[in-house]
Amino acid sequence: MATTSQATFRIWRGENNKGGYVDFSLEVEEGMVVLDAVHRIQATQATDLGVRWNCKAGKCGSCSAEINGSPKLMCMTRLNTLDLTKPVTVEPMRTFPHVKDLVTDVSWNFTVKQRIPPFQRRPPDSHGPDGPQWRVRQQDVDRPQEFRKCIECFLCQDVCHVLREHHMHDKFIGPRFIIHAAQLEMNPLDDGNRLEALKDDFGIGYCNITKCCTKVCPEGIHITDNAIIPLKERVVDQFYDPLQKLFRIFK
Amino acid sequence: MSTIDVPLTKRGFGRTQRPDLWWVTPLFVFLGLGAFVVYSTWAAFQGDFYRFGPYLSPMYSPLLLTSRPGWWPVWIPFSAALLILWAPGGFRVTCYYYRGAYYKAFWADPAACAVGEPRKSYWGERTFPLILQNSHRFFLYLALLFLVLLAHDAWNAMWFTDPVTGAITFGIGLGTIIMIVNPILLGGYTLGCHSLRHLVGGRKDVMGGASRKTYDCVSCLNRRHMTWAWFSLFWVMFTDIYIRLCAMGIWHDWRIH
C-alpha cells in the first residue's frame, strides 16, 4: 500500500500579472509528480486553477513551470525529489507574458521561429533511376539530431537571464532557437548560411555561457557545448578571425 | 524582432524562490579564482626562487630573460614571468568555461540560474571589451606551444647536475613527478578546448575519418572541461609553490631515484 503524507503547495494565482501565492494543503502519495498534486488541487480545492498540460510523459512540453524557483516540467518532477516539510512553490514561467495562474503566453517563441531561414537543400550528389540522390553518414547526422530531441517546453528560454532578467526579446532569440539554427547549420544536407543573422539579428553574442539552459533541459540536450559555442565559433570564423579571412581570399 | 510585454514583476539582486544553496558554487569559484589571481600576481612579481635544481616554475617558463634588460621600464620590478604569463592567462580568461564561471562569480551576471541580478543593463559579448573574448582561438595556439614547452621542462626535471662533479645524471624527485603531472593536467584542459574542438572538425558539417577521430577525442576531454580547468589551474600554482619553497630552503625535495 502506498504511503501517504501531507504537503503544502504554494501556487501563484492571478491573471495578467496581478495576483499572489495561495497555499493548498493536501495528502500526497508515493509516486506522485507535481502535476498530479496540481490536478488534485484543481479537482478538490480550486476548480478554476489554470494549468496547461497534455501528455504527462515529458514529451509535449506543455506543463513548464517554476518549481521551488527552478524551471521544470511539472509532470517530470517527482515529489520525492522535493522537501515536503516546507511549502513547494509552483509559479508560471517568468520570461513570458502571464495569462492565468500557471499559464503563460509562449506565442512569442513561434514568431521567432518563423524568422529563422528554413532548411535549404544542397544540390544532389547524383541522379539515380528514382531521381536525385543525397548521401550522408549517420555520424554526420548525429550532431543535428541531438537538437531534434527538443520538445519546445521553453524552459531554456525561461531560465536564460538575457530574456528573463533583461527582457531582450527583441534582440536575442534565446537558446531554443539557437539550437534550431544549429540543427539547420550543421545539417550536411543544408546549404544555407545563417551566421550573419545569428550575429546581427539573433544576438548570439548576448549569450554569456552561463549554461543555465543546459541545466534545465528535460531532454538533456547539451545546448551550450554542442550548439551555442560551436555556432559562436563559426561566427568567429566568418567575422572575427583575420587568418580565416585571409585563408578565404586565397582559397 | 517581435517584442512582448514584460512578464511577472522583476525581482532584485539575489531574489529567488530557490531554497537550495545556490550561492555556494559562485562563492567557491570566487574564492578559488581569486586565490589564484592573487597568488599568481604575487609570484609573477617576485622574480626570484623560480628555479630549484632542474626544476623550473611553470609561471616562469619559457625563461626568456634572467636579468633586467635596458629597455625594461624602471617603474616595474623585473620579473621574467611578466613576459610570458599573459599568454596562458589570456587563454584562461577567454576560455568558454571560465567565462561562464567568472561572469557568475565576479559580476553576478547572473549569480546563479533563476536568481535576480544587480544590474538592469546588459551588453553580453557583443561590444568592447567582451567582444575580445572571440580571440580565444589565438590564445589556444599559444597554449598549445606552452604545452610543448612545459612537457620539455618536465623532461629536463629528470636530469640532475651533481654540484661537485658537474655530471648530469637521470633522477626522479618529488618535484619531477609534480612537473610531469603539470603538462598532463594542462594537456587535458588545453586539448579539450571548445575552440580546438571546432578547429579539428566541429567547423565542418561533414567530417573525414581523421578529423572525426580527432573531434571525438577532443569532445571526450571537453565533456570534463571544467574539471580539467580547475585541476590544471591549481596544479600550476602548486608546482610554483613547491619549487619556490624548495628554492627558499623551507621544503626539501624528496629524491626517489
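Here are some questions and answers about this predicted model.

Q: What makes up chain A, and what space do its C-alpha atoms fill?
A: Chain A has 10 helices and 9 strands. Taken along the principal axes, its C-alpha atoms fill a box of roughly 70 × 45 × 25 Å.

Q: What share of chain A counts as buried, and what makes a residue "buried"?
A: A residue is called buried if its relative accessible area is under 20%. By that rule, 56% of the 251 residues of chain A are buried.

Q: Which residues of helix α1 of chain A are called buried?
A: Helix α1 of chain A covers residues 34-44, and its buried residues are V34(A), L35(A), D36(A), A37(A), V38(A), H39(A) and I41(A). Each of them therefore falls under the 20% cut-off.

Q: What do the buried residues of α1(A) pack against?
A: They pack against four strands of chain A: β1 (4-15), β2 (18-29), β3 (64-67) and β5 (88-91).

Q: How do you know which parts of chain A are its domains, and how far apart are the domain centres?
A: The bounds come from a domain assignment, which gives domain 1 (4-104) and domain 2 (107-250). The C-alpha centres of the two domains of chain A lie 32 Å apart.

Q: Why is the pairing of K59(A) with E219(A) called a salt bridge?
A: The rule asks for a side-chain nitrogen of Lys or Arg within 4 Å of a carboxyl oxygen of Asp or Glu. For K59(A) and E219(A), the closest N and O atoms are 2.6 Å apart, so the pair passes. Between domain 1 and domain 2 of chain A, the count is 2 salt bridges. There are also 6 residue pairs in polar contact between these domains.

Q: How do you know that chain B and chain A share an interface, and how is its size given?
A: The contacts tell us: 54 residues of chain B are in contact with 65 residues of chain A. The area buried between the two chains is about 5,100 Å², with 53% from carbon and sulfur atoms.

Q: Why do D205(B) and R234(A) count as a salt bridge?
A: Their N to O distance is 3.0 Å, and the limit is 4 Å, so the side chains qualify. The count between chain B and chain A is 6 salt bridges. Across this interface there are also 28 residue pairs in polar contact.

Q: Which helix of chain B gives the largest share of the side that touches chain A?
A: That is α7(B), with 6 residues. The residues of this side of chain B divide into 21 nonpolar, 15 polar and 18 charged.

Notes: Residues numbered from 1 in each chain as written. Chains lettered and ligands numbered in written order. Predicted model: local features only at pLDDT ≥ 70, side-chain atom pairs only at ≥ 80, totals over all residues. Heavy atoms only, no water. Buried < 20%, exposed > 50% of the residue type's maximum accessible area, 1.4 Å probe, protein only. Helix = DSSP H or I, 4+ residues; strand = E, 2+ residues; numbered from the N terminus. Contact = heavy atoms within 4.5 Å. Domains from an automatic or database assignment. Polar contact = N/O pair within 3.5 Å; in protein donor to acceptor, adjacent residues only side chain to side chain. Buried area = accessible area lost by both parts, 1.4 Å probe. Nonpolar A, V, L, I, M, F, W, Y, C, P; charged D, E, K, R; others polar.
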